[in-house]
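Dear colleague,

I am handing over the structure below, and after it I set out what was found. Please read the notes with the structure open beside them.

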Amino acid sequence: MTLQDTSILAIAEIGFYFPALLLSIIIVIRHGFNRELGWIFLCILALIRLIGNAEEIAANQNHSNGLFIAAAVCNGLGLGPLLLVTIGMLKRVNTAALENQAHGRRAGLLQQGNTTKFLNWGRLPLLVALVLGAVGSAKLYGSDESEHSQGGTLAR
């Protein structure tokens with residue numbers, strides 16, 4: 001039995017994300033489960049990608065529409081934790097810069113209150129985009145063909 005190209009890619013991604021999951025678990029255990037640092041989102045990212053790729057392989061073997069929908073939603077949601085990690089890292093960089101500024105060294109991106117508010121509000125469009133992506137993927141791969149064009153628009 002030959003594998004499709006998408007199954008081969010999913011297997012390669014599993015080979016990457018499984019060690020990434022193990023390493024991110026070690027990092028989270030060492031640094032704690034604080035959401036502000038963003039390390040926990042690395043675990044969530046690797047876990048979502050592993051689940052999505054396993055569903056992709058199963059969908060290609062069983063030709064199940066429900067598995068295609070689940071794989072598309074998981075692959076679409078996989079980007080969210082990566083962006084949350086980026087926001088966490090930006091907060092950490094800004095905190096370090098403000099600490100350097102407090103010690104008399106020239107640094108600091110913005111003042112603490114403004115940056116924190118800006119980065120927290122930056123999560124709101126991310127949440128809306130994730131919801132639209134999940135709904136769009138479900139409609140794009142759903143059984144009702146009249147919703148396919150609307151699903152493509154929402155998933156973009």
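Which residues in α1 are buried? They are Ser7, Ala10, Glu13, Tyr17, Leu21, Ser24 and Val28, and what covers the buried residues of this helix includes α2, which runs over residues 39-62. Please keep in mind that the model is a predicted one.

The length of α1 (residues 5-31) can be checked: at 1.5 Å a residue its 27 residues should span 39 Å, and the end C-alpha atoms are 38 Å apart, which agrees. Just after α1 comes glycine 32, with a positive phi of about 95 degrees.

As for the protein as a whole, its secondary structure comes to 7 helices and 0 strands, and along the sequence the pattern reads α-α-α-α-α-α-α. Of its 156 residues, 31% count as buried, while the accessible surface comes to about 9,800 Å², with 66% of that belonging to carbon and sulfur atoms. Among the contacts between residues at least 6 apart in sequence, 57% join residues at least 24 apart.

The crossing of α2 past α3 is left-handed, and the residues making the contact include Ile48, Ile51, Gly52 and Glu55 of α2 together with Leu67, Phe68, Ala71 and Cys74 of α3.

With kind regards

Methods. Residues numbered from 1 in each chain as written. Predicted model: local features only at pLDDT ≥ 70, side-chain atom pairs only at ≥ 80, totals over all residues. Heavy atoms only, no water. Helix = DSSP H or I, 4+ residues; strand = E, 2+ residues; numbered from the N terminus. Expected span 1.5 Å × (residues − 1). Buried < 20%, exposed > 50% of the residue type's maximum accessible area, 1.4 Å probe, protein only. Contact = heavy atoms within 4.5 Å. Areas by Shrake-Rupley, 256 points an atom, 1.4 Å probe, with all protein chains shown as cover. Left-handed = near helix turned anticlockwise from the far one by under 90°.
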